[in-house]
Amino acid sequence: MPPLKKRYKFVCIALSLVFISAGGISQTDSYDNIRFKRYDAEQGLPSGACDNMYQDKYGFLWVSNYYGVSIFDGTHFFNLPTYSSDSNFNLAQLPHNFLQADSISMLISSPNGLYLYHYKTNTVEKLKRQPLPVSRQPIHLIGASASGEELYAETAGKLYVLNRALTIQSIVPYTRAKQGIRVNTSGVTSDYFYLTTDNHFVKINIPENRADTLLKLPAETRNIMVNADNKEEYLVCTDHAIYRVARQSHKLIHKVFLSSFFKGEHDFELKDIAMDNLGNYWIGGYNKLFVYFTASNTIKDKTQTLLESGDKEQTHVVDIGTNKDEIYLSTRISGILISDRTALVKNYSDFPSKGSSVSSIVLHNEKLLFADFKNDINIVTPGDNNSVLQHHKIRGLAPNSIATLENLDRDHIWTVLWNDFKLGIINASQLSAQFPTFPVDSIAFAHKQSFDMLLPSKDAIPIIKKAGDQLFYYSANNQLFRVEGSVTQGFRFMFLDSIASPHYITCIEVLSSGQVTVGTSGLQVYNLEGVRLKKAIDLFNPNIPVRFVLEDSRQHKYLLTTNGIYVFDAKFGFKEHLCAESKRLPGNISYSGFIDNRDILWAATNGGAIAYDCVQRSIFKLSALRTIVNSEFNSKSLAVDDHQNVYFGGVKGVTAINTNLFSNKKRDFHLFFYWIKNQDSLLHNSILPGSIVNTRPFPHYKNNFSFSVHAISTLQAEPFEMRYKMEGIDSAWRIPTGLTLEYMDLKPGKYKLIVTGKYPDSDTVREVSYSFRIKQPFWEELWFVLLVSITFFALMFLILNYWYRKKFEKERIEASKQIALKSERERISQELHDDLGSGLTSIRLLSSSVSAHPNSPRAPQMLADIGKVSGELIDQMSEIIWVLNHSDDSFNGLIAHLRIYMASYLQRIDLPMRLDIQSNMQEDIHITSTQRRNILLVAKEAFHNTVKHSRATVFSIQCGTIGQNILQIVISDNGIGIPEGLPTTGNGLNNIKRRISSINGEVKFDNNNGTNITINIFTSKD
C-alpha cells in the first residue's frame, strides 16, 4: 500500500477512532429531540401556577390551578368557576386532586372539601354532606377498586374507603407513619404507600387491608415518590436513589444512586414520576427533569430542555403525566408543558456541501456514510446532538460517480458507479477506491450502453446485495449472479439465472424467512430456488419497476413500486393496493422501505415518509409532523441500524426515524358539542362527547342556531382535520374557519348537523351530530289545514243542512197549511152543508108555510123565526169569512174579533155585563187559522156559558206569554162558577178540552169567585 500523504494522515487517524467507537441511535439518544410546547395564560389557563393533573376516560386533561380547575381538550382550556353564591364554595385552594367517579361525573378534592363535576351540564357543586373531615389539609384521592364500587382517599393522616354513594365504608389503619414525610403516588393503583418511623417503606393493599414492607430507606430520606404504572414492578425514587421493586415478591430488582446529579439533599425536591410508552420513567421536581432508562439503568438529564420550554430561569415540575406518545408536565410558574412527536425524526442535512442529494447510505461499523451526487462521503455518528458531519472525497473516483453503497466487510464497502455501471470497492480507512476487473463488467457495460441517457434510471443500476459473511448477490441487466469470497481471497462470480427480456432486475432482497427474491422492471417478482428463478408474482406492467420486496412476521409480501405498494399474503395471493388515489399513500412513487420487529412498514414516497401498520392496516403519514426536511428520496438510499432506526436518503440529506419512539397504538379522540344556542337561548352546555337528538321541536320564528364544536385531541404535532355538513342545507362538506358554526334563518323542516374529525394520517373518522326540527307556522301545519278544511266543510254542511231544514220546514208548514186549509174547507163545506143548508131549509119551509097560510095566527111567529134563522145564518157566514181571511191570522186580530162579537152579542140581548179583554204581549203572535178558530170557539163557548148560567156581571179575558213559546189565555167571570156536582165530562167542557188539545195546548178549570179557565198553547215563531 503506498504511503499516505501528510494531508490525509490526520483524517485517517480521526476516521479510525470514529469507526472503533460504537454508534447508532441508542435508547437514551432517542430522547434528544424531545421538546415541549408551553400552555399558560396566553392559551387560556387562569394562571401559570399549576399543580396536579389527571386524564379522564375521554382524554380531557384536568389541571389544578392557583385560580381553580381547568379542563384541557388538547387545544382549549375550559375553566371552572372559582366561586359561587354558596359561601362555602371555593375552588381556588390548591392542591386539587381528581378521580373519575363514573362516566358522567368527576370527583374533585381541595383542602376545603369534595366537589362533584357533572359532564352533562358542565357544572360543579360542592357536596352538601362531606364524607371526609374538612381540616384545611389536602384530600388525596388515591384511586378505585377493580370493580369501581369503592373509592380510596386519604386526609389528615387517615385512609378512607368510600362507596359509590360517597359515604365512608371503612377506615384503613396504618401505624408508625413518619411525620412530615409525604409519599406521592402516580399510576393506577389500589395501594397506599408510607414511610414508618423506623424508615421502612410500606405498601398497604387497601382491598385486602394488608401491609407489606418493600424497602428499608436511609434515615435522611426526605422526598419519596412511587410509580405503579408498570404491572411487574414499582419504581421508588428518593432524593438519593432510584429503587425498582418487584410487585409480587417485593424484592429489590435494581438500585441507581443519584449522587452524580444531586449535589446535596436540599438541591432537589421530588414531585412526580411517570412512565412513558417505552417503559422509561420521567422524574420531575423543582427545576429538574430526568429520564431513567430501565433497559440500561442510566439517567439522562433533560433539565435544560425543561428550562428552555418553560422559558423561565426556574421551572418547577409538580406533576407528570403520559399519554402514549406525549409527556405532560405541570409546572408551578410555567403552566402546562406538553411534548410533541418531533423526537421521532432527526434530519442530517448540514453537510459541508449544502443541498447535496444523498444517493446512497451505508451503516458501516455503526457509523453512517452518506454518498452524494458530488462524489462526496459524509460520515456521522448517529445520536450526536449536533449534526456536524465529517466530509471527505474518495480518491480514485470521478465526480458524480457513486450510485450505490453496500457493506462488504469491516474495512471495505461495495460501490456501483453511475458512469459505466462498474462494480468497485472502497477502502473505508484509506478513503480510496479500487476497481478490480470482474467477470460481470462487460454485462453491466452492455446494459449501460442500452440506455440513451447520460444517467440512466435509478432502477436500472446493477445491484450488489450482502446475504452472508462472504456471500453476495449481484445483478446486471436481466441476469442474477452469486458472489462468494473476500477482498483478501478474491471473489468468485457464478451465473445463476436470468429473467425474460426486455425486463431487467430492479431489486434483490433477502427476506426474513431466508428466501432470496428479485423484483423486475415489469412489476414481477421471482424467487430463487436453488440456482433457478421461479416466478412468484406477475402483475406485468412494463412501466412499473419493483424497487423493494419486504416481508412481515406473517410472511406477507409488500412490493414497493412507482405505483404504490402492492400487498400479498404468504402464498403470494393479492390482498390490496395502497396508492395515492385511495388516499392511503401521500404519493405513489415508493423509493425504499423497511419493516421493523413490530410489523410496521416504514417507506419513503414522493409525498413523504409513512409508517404502515401491517396488522392493523393503518397508515401514519410522517409529513404531519412537519419536521422532515426531505420531500423527495432516492431509491438506493436506505440503511437500518441494530436499534431498528431507519435512514432515508433524499434531496436534502438524510431523514433518520426513531422507530422505537413510534407508537402504533390506536390514537383515539372524541368530538363534542361544547354549547348549542338557539337565538340567544343556551340549549346545551357540556363536555360530554356524543351525538344529541333534540326531541322537542322549535317554533318557526326561532330558526337561528350556533354550535361550538371541540375535539379532544392531545397529539400536539398533528393537525386535526374537522369538517361539517347540515343535512337539508349543505350539499357538500364544509371546512370550519373556527370553533363556532352558525346557521341563520332556517326554514321549517328536519335538520341534522354532522361534524366529523380525523387525523390526516389515519382512516379512523369520528362523528357527532345534532338532530332537531323546526315546526312550520301553525297555519301551515297539516293538522291546522285539516282542521280548517273540516271546519269549513262542517260549516258548509251545517249551513246547507240549516237551509234545507228551513226549506223543508217551510214546505212542511206550507203543506200543513194546505192540509189545514183543506180540512178547514172541508169543515166549512160541511158546516155550510149542515148549518146553512138546514137553516136555509128551515127558512124555505117557514116561508112556504107563511105563504100558504098568511092569515094563520102562527104567521107572525114564523116570520120572526125566519128572521132569527137568517140572523144566525148571517153570523155563521161572517164567522166563516173571518176564519178564511188570512190577514187576521194573528192573536191581536182574534182578540179584536172577540171584543166586537161579544159586545154586539151583549147589546143584541140587552144584557148589562162588562167586558174586560186585555193583552200584555209586547208583540203580535202569528197563529194558524185552526188555532184561531178553536180559540174563538172556546172563548165563545165560555162566553155563552157565562151569559146563560153564571149570573156574572163581568166577563174577563187576559192574554200573555210565558217564556218564548207559550201563549197563555185566562178566561174568567165573577159569577156563580161551575156548580158542584156538575160532571166534568159534559159536552161543553169536553169540547173545550178537545179543541185546545188539537192545537197543542192544555186547559185548566178552576172555581175562584167565579169560573176561571186557564189555557196554555205551545206556539212556534215559525
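**Entry 1: strand E20 and its neighbours**

How does E20 pair with strand E21, and over how many bridges? I looked it up: E20 and strand E21 (residues 252-257) run antiparallel to each other and share five bridges. I worked on a predicted model, where local features need pLDDT of at least 70, side-chain atom pairs count only at pLDDT 80 or more, and totals for chains, interfaces and linings use all residues. Residues are numbered from 1 along each chain as its sequence is written, and side-chain values use heavy atoms, with hydrogens and water left out.

My terms came next. Strands (E, at least two residues) and helices (H or I, at least four residues) are DSSP runs numbered from the N terminus, and two strands pair if DSSP finds at least two bridges between them.

On the E21 side, I found valine 245 bridged to leucine 252. E20 and E21 make a hairpin with five residues between them, and histidine 250 in that turn has a positive phi of about 65°.

I then turned to the other neighbour. Strand E19 (residues 233-238) also pairs with E20 in the antiparallel sense, over five bridges. Tyrosine 243 in E20 is the bridge partner of valine 236. E19 and E20 form a hairpin too, with two residues between them.

Is E20 buried or exposed? Strand E20 (residues 241-246) is mostly covered, with six of its six residues buried; buried means under 20% relative accessible area, exposed over 50%, and partly exposed in between (1.4 Å probe, protein chains only). Ala241, Tyr243 and Val245 point one way, Ile242, Arg244 and Ala246 the other, and all are buried.

**Entry 2: a four-stranded sheet**

I moved on to an open sheet of four strands, ordered E10-E11-E12-E13 with antiparallel pairing. Its edges are strand E10 (140-144) and strand E13 (168-172), each of which pairs on one side only. Neighbouring strands here are turned by 25° against each other on average, direction ignored; axes are lines fitted to C-alpha atoms, for helices over the stretch in contact, and angles run from 0 to 180 degrees between N-to-C directions.

I checked one pairing in detail. E10 and strand E11 (residues 151-155) pair in the antiparallel sense over four bridges, and leucine 141 stands opposite alanine 153 in E11.

**Entry 3: rings**

How many aromatic pairs does the structure hold? I noted 48. Rings of Phe, Tyr and Trp (its six-membered ring) pair if their centres lie within 6.5 Å; planes under 30 degrees apart count as stacked, over 60 as edge-to-face and the rest as tilted.

Tyrosine 117 and tyrosine 119 form an edge-to-face pair, 5.5 Å centre to centre with 75° between the planes. Tyrosine 117 counts as buried because its relative accessibility is 0%, and tyrosine 119 is buried with a relative accessible area of 0%.

Tyrosine 174 and tyrosine 194 form a tilted pair, 4.9 Å centre to centre with 50° between the planes. This pair links distant parts of the chain, 20 residues apart: tyrosine 174 lies in the loop between E13 and strand E14 (183-186), and tyrosine 194 in strand E15 (residues 191-195). Tyrosine 174 counts as buried at 15% relative accessibility, and so does tyrosine 194 at 8%.

I also found one aromatic cluster formed by Trp414, Phe438, Phe472, Tyr474, Phe481, Phe491, Phe493 and Phe495.

**Entry 4: charges over rings**

The charged end of lysine 557 sits over the ring of phenylalanine 572, 4.7 Å from its centre. A charge sits over a ring if NZ of Lys or CZ of Arg is within 6 Å of the ring centre and within 35 degrees of the ring normal. I found lysine 677 with its charged end over the ring of tryptophan 675, 4.8 Å from the ring centre.
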